[in-house]
Amino acid sequence: MNPAPNDPEPPAHTPPLELQRAQEDRLRRAWQKPAGWRYWSAVNNTEVGVWYTATAFLFFLFGGVLALLIRIQLAVPDNDFLSADRYNQVFTVHGSVMMFLFAIPVFESIAVIFLPQMLGARDLPFPRLSAFGYWCFVLGGIFLCGSILFDAAPRGGWFMYPPLTSKYQPGVGADMWLLGFSFIEIAAIAAAVELIVGTLKCRPPGMRINLIPLYCWYVLVAAAMVLFAFPPLIAGSMLLELERAFHWPFFDPVRGGDPLLWQHLFWLFGHPEVYIIFLPSIAIIAMIVPTFAQRPIVGYGWIVLAAVGTGFLSFGLWVHHMFTTGLPGISLALFSAASEAVAIPTGVQIFCFIATIAAGRMVRSVPMLYTLGGLATFILGGLTGVMVALASFDFQAHDTFFVVAHLHYVLIGGSVFPIIAGCYYFFPLLNGKKLSDRLGRIAFWLLLAGFNLTFLPMHFTGLRGMPRRVFTYPAGMGFDLLNLVSTIGAFLLGAGVAIVAWDIIRPKKRQPLVPRNPWRAGTLEWLPAMPPESWGVRSIPEIDSRYPLWEQPNFVRDVDEGRFYLPDAEEGKRETLVTSVIDATPTQCLRLPGPSFVPALAAVSLGGFFILGTFYLWIPALVSLVIAIGVIWRWLWNGTAVIPEKPEKEIGLGLTLPLYRSGPESVGWWAVVITMLAVFVAFVSLVFAYFFYWTIHDDFPPAGSQGGPGVFWPCLAATLLLAAWALTLLARRANRRDRAGVFSLAIIGAALLALAGGAAILAGPWLTGLDPTSHVYPAIVWLLALWTALHAATGVLFHAYCFARRAAGRMTARHDIDIQNAVAFWHFVILTAVITVAVIAGFPLVK
Amino acid sequence: MMKSLSENRESLWRLIVSPSVWALHFLASYVTAAIWCAKFAPASGSIAPVRWLIAAYTVAALLAIGWNGWNGYRRHRLGAAELPHDADTPEDRHRFLGFATALLAGLSAIAVIFAAMAVVYFQDCR
Amino acid sequence: MRPPHSRPPRKAYYGDAHPFRGLGQLAAGRRPTPLMYPARAFLFLVWFALAGCSGIQSSLAPAGDGAHRIAGLFWWMTGGALLVWALMIWLTYSAFRGRASRQSPRLARLYIIGGGALFPTVVLAVLLIHGFRMMPPLLASAPEGSLRIAVSGEQWWWRVRYHPPSGPPVELANEIRLPVGEPVEFELGSPDVIHSFWIPSLGGKMDMIPGRRTRLTLRATRTGTFRGQCAEYCGTSHALMAFPVVVMEAADFARWLEGQRQPAANPAEPLLAEGRDLFLMNGCAACHAIRGTPARGRIGPDLTHVGSRLSLGAGILPNDPEAFVRWIAETSRVKPGVLMPHFGMLPAAELDAVAAYLESLQ
């Protein structure tokens with residue numbers, strides 16, 4: 001709208017037509033997707049994102065079929081359609097699949113497809129990382145879903161409370177859940193890192209922080225939440241798996257453990273997770289509503305407030321899943337308060353949509369139908385949420401079908417309806433064809449009616465006394481009719497889903513292409529011509545407005561004719577722009593890697609570790625892990641921090657940008673720091689566990705274990721690791737000054753000191769004879785020490801990698817991405833080590 | 001004026017000061033209550049010291065949030081302020097960040113007050 | 001010979017609250033006129049709301065202090081929630097339809113401030129304060145000298161130990177009896193996995209967590225028979241872990257407890273004596289106790305007065321000889337995953353004798 005005075009403007013003249021064609025050819029060649037069986041080596045966001053979404057949708061259908069099995073079993077009292085044990089597997093897998101294999105992946109996969117398009121980028125900054133995440137997801141997902149066919153599925157409920165899952169369910173199911181989902185969560189964190197860096201650093205020039213499409217704000221917040229929410233669950237899963245596999249008594253009260261710790265860690269993940277699902281779904285609505293109101297959103301700032309505010313507040317809700325565990329009233333009250341407060345930003349968002357509708361000229365459409373249906377449903381779920389958030393009411397409602405009804409209103413209204421709305425809205429961007437309006441409408445009414453018929457009665461079923469997760473119920477308790485109605489509704493709902501699925505997969509060969517920007521939207525993702533090209537955007541535009549397609553004159557023409565940035569791929573390489581965080585000033589022309597099978601190989605070998613671990617085949621599992629490390633090494637070696645043939649490049653509009661940047665200027669450094677932040681959160685969860693045990697024991701460390709791991713070895717370890725860290729810093733400095741000798745000495749010294757430090761931290765509990773199976777105190781000390789040692793060992797890998805890179809001439813004084821990233825990693829190592837030592841050696845002294 | 005609005009002097013961190021203060025307040029209140037009840041509470045289960053501590057946390061948190069919010073509001077009102085702050089200029093970016101900061105401060109303050117209300121109604125560890 | 005307090009008619013326990021009741025009258029009306037459909041739909045909803053409350057396990061048919069308070073809270077909140085929902089739907093609808101009178105963005109922003117920020121803040125603050133005020137009474141302990149009942153949830157039954165203010169404790173199982181009008185303190189725990197103790201008619205639930213001791217105070221406000229059930233998923237037969245609850249007049253309760261305190265009477269009839277001998281011979285005593293006999297097992301439920309209980313197998317079978325035989329002979333079919341081995345290999349006559357003996361333990 002009001003371009004900044006010194007903004008570059010596209011040239012006024014049309015570039016010669018032959019030049020345009022030549023540029024298009026070169027771009028097309030650079031971004032070509034691989035053909036034949038090599039197609040599966042694609043890493044492009046438009047390919048991987050679509051696979052990802054389609055796979056998540058398949059898992060959704062699978063989870064839906066399980067839901068129908070549940071409903072058949074509960075249709076009549078005393079039913080024996082499913083045995084008790086089978087039923088328990090079915091509801092466990094239903095919940096787990098919907099949460100871990102549908103709701104979260106689908107948010108990330110939709111974002112993988114559309115985030116770059118909304119940001120006018122050619123791809124996300126780490127395409128191979130997305131591909132890696134996808135393959136991890138497929139592998140883990142199939143493994144988990146398959147288990148139910150072999151009667152070996154987890155049966156502990158999707159929140160897997162120990163001691164049921166630690167001691168009373170010996171089968172392989174629980175291990176599958178713990179290791180399989182940890183594996184998938186790692187993939188989810190990888191995707192989150194990518195989305196964060198993508199939103200912050202890969203925007204089009206001029207898209208200042210106040211002009212970002214709302215969808216991207218939501219994705220940014222949700223991805224940041226993933227970083228803080230998933231690690232506690234990974235830490236918890238690790239504790240539980242250690243108890244199952246090696247009898248470390250983290251949740252065994254007889255040996256000092258406590259089952260409640262799991263609930264804290266699980267719900268510290270579990271509640272934010274609901275919002276991680278909800279925010280990106282409502283984000284789709286935030287794109288749809290302005291389009292069909294044909295005006296900018298009203299209350300942009302308010303929505304940002306709501307997204308960020310919800311992101312924070314959602315971390316203060318976890319205990320509301322534990323209102324009946326006998327915690328002090330004051331604690332319950334605090335969480336009750338936060339649970340009510342989070343309704344405020346949610347209300348703000350909904351009123352922003354209503355205000356936009358009121359201020360606009362609404363166009364009727366199928367996406368809008370789903371949007372309104374979703375909001376009506378979600379509001380009801382939100383209101384029952386306000387009810388259960390009140391601890392006093394929850395004492396009755398908790399763990400009954402009332403909660404089942406509530407959570408389905410929230411998740412289906414707040415996520416499934418918006419996602420289907422998104423399907424109908426965004427579908428033309430995939431292949432230029434529209435979904436059927438007629439089928440969409442029929443499906444909508446089936447879904448709405450079926451949904452309410454299924455879940456509205458459940459509020460009463462629950463309050464009349466039916467607990468959740470029961471495989472049957474006696475007749476004449478007042479549950480019979482209500483359950484029968486729910487079952488009928490579930491099949492209507494299923495029919496609606498089937499119609500949507502058919503509409504998506506039905507052949508559309510003979511259907512005409514839709515015109516470009518069929519809904520007359522204002523945001524960048526609608527730039528592509530139909531059908532879209534795989535390069536994403538013809539030239540990367542200079543942005544002056546929140547809705548450039550509406551507000552910037554001649555915008556589409558200028559993009560199409562290549563009058564903006566990067567209209568060409570002269571060197572035949574895939575390229576996109578890196579910009580600054582606040583004002584999106586271009587800082588680098590980033591070369592992106594092309595198709596490769598390496599991410600899939602890495603996923604398979606890493607998956608091997610987790611899957612073999614499930615069966616306690618530890619030796620093959622470790623072999624698989626070593627292979628995975630080798631594959632990843634190769635991946636990094638050939639595919640990252642490649643030294644360009646020239647230092648900088650003209651990208652159009654008179655701008656020349658460097659091709660290589662390192663440290664905080666590079667996207668890779670950001671990825672390392674953000675990933676390590678997540679790892680650090682997992683570590684903090686373990687430290688939390690230590691102090692949690694302190695609060696529940698009168699005597700912690702227990703009198704029997706005088707002094708714990710002692711002071712000497714931990715302090716020695718801290719000293720050694722500090723020295724290793726200092727030498728790593730020195731190595732970076734020596735490299736920058738191009739002093740090969742000093743660099744080599746420093747990096748070798750750092751590696752040796754790190755190894756010694758890792759050994760010393762383990763020597764503490766080892767030499768003092770702490771037995772991790774005897775009591776929870778030695779177990780948690782051992783775990784903290786192991787965690788630190790593992791960090792040191794990984795740090796040594798970084799040292800070795802940097803040493804090899806420099807020796808091979810792939811790292812030089814100027815091209816020092818690798819050592820910069822190693823230093824970033826080592827900052828976290830040293831932080832972890834110092835905290836570990838302070839806790840395991842220092843705390844017993846204070847006490 | 002342009003200089004003071006340069007990108008380098010802006011930070012996303014200021015946006016999340018208030019909700020972070022809420023988080024600290026919340027965590028501190030919860031941890032204080034939990035540790036008191038698990039470790040130090042007298043036989044009567046009284047939480048009198050916890051109530052005073054939470055009251056003190058609340059005053060401190062509201063002061064910090066108020067400062068951050070006021071700061072944001074002033075940035076929002078810079079020059080001829082007109083919502084929706086959607087121009088491609090450093091001024092509007094500055095105003096937008098200020099506006100969002102102020103709103104977040106408001107929400108955080110409400111959340112802190114909600115949490116602090118708990119103190120009024122609970123006397124013991126049950 | 002049966003004491004008056006022992007057993008209400010079985011029908012009363014197994015469900016008199018049939019939800020179909022009333023639907024018949026509603027459906028068997030005159031020939032439909034166009035106006036009757038909405039009227040019927042409305043009637044149906046009213047019926048649904050009211051009939052949807054009854055039941056021996058319904059939190060909406062309260063018979064205890066906590067349940068009364070929470071049910072009241074529920075109805076107020078439901079009314080409020082429906083109002084808010086209708087208001088928002090109406091707002092959206094009129095915004096959608098209001099093509100002629102499009103709002104200026106400035107006015108639309110008032111929606112956000114008023115509807116999105118101020119309104120929920122005020123309403124939630126009021127609601128929260130109300131919720132806070134309710135909590136201390138719901139969480140409070142029973143006064144000194146009240147009846148204490150220690151209940152332990154075990155896969156998938158209930159160990160119940162009465163600690164009356166005077167006299168030694170009495171250990172029973174799978175049934176709870178309470179004096180009406182008196183606060184009773186439950187001490188809850190579990191030796192295996194997490195369970196949750198819940199009597200919806202009387203009040204909220206409380207989890208039973210291994211390694212922890214939780215408490216719950218309930219005060220019944222009227223006599224009657226209700227049903228409680230485990231509310232936390234606890235493994236294979238989680239659905240089959242329930243118990244009858246009988247609220248009695250205080251004097252009746254005292255008499256009943258005194259009766260339960262007594263050891264089992266020696267069987268006079270030969271069939272019953274045979275049943276007892278078979279019980280002891282087949283190893284039942286390794287897990288079950290019958291006070292007054294050599295049976296002292298502590299693993300399973302105490303059976304001293306098992307014949308006087310309202311149900312078998314933790315609230316899942318009626319208490320009669322046939323059910324007893326079924327339970328003993330097909331234990332793991334009745335309750336999948338249960339620890340007790342089945343005794344289907346015993347000859348029918350022996351099963352009958354054991355069942356008759358156990359049934360006689362009034």
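## Loops with a positive phi in chain A

Tyr616(A) sits in the loop that links helix H20 (598-614) to helix H21 (618-639) of chain A. Helices here are DSSP runs of H or I with at least four residues, strands are runs of E with at least two, and both are numbered from the N terminus. Although Tyr616(A) is not a glycine, its phi is positive, about 60°. Tyr616(A) counts as exposed because it has 12 C-beta neighbours inside 10 Å; the limits are 12 or fewer other C-beta atoms within 10 Å for exposed, 20 or more for buried, and partly exposed in between, with C-beta atoms placed from the backbone.

This is a predicted model, in which local features need pLDDT of at least 70, side-chain atom pairs count only at pLDDT 80 or more, and totals for chains, interfaces and linings use all residues. Residues are numbered from 1 along each chain as its sequence is written, while chains are lettered from A and ligands numbered from 1 in the order in which they are written.

Asp738(A), not a glycine either, has a positive phi of about 60°. Its loop runs between H23 and helix H24 (740-767) of chain A. With 11 other C-beta atoms within 10 Å, Asp738(A) is exposed.

## Cis peptide bonds

Phe700(A) and Pro701(A) are joined by a cis peptide bond with omega about 0°. Pro701(A) belongs to the loop between helix H22 (667-696) and helix H23 (712-736) of chain A.

In chain C, the bond from Gln155(C) to Trp156(C) is cis, and omega is near -10°. Trp156(C) lies in the loop between strand E1 (147-154) and strand E2 (157-163).
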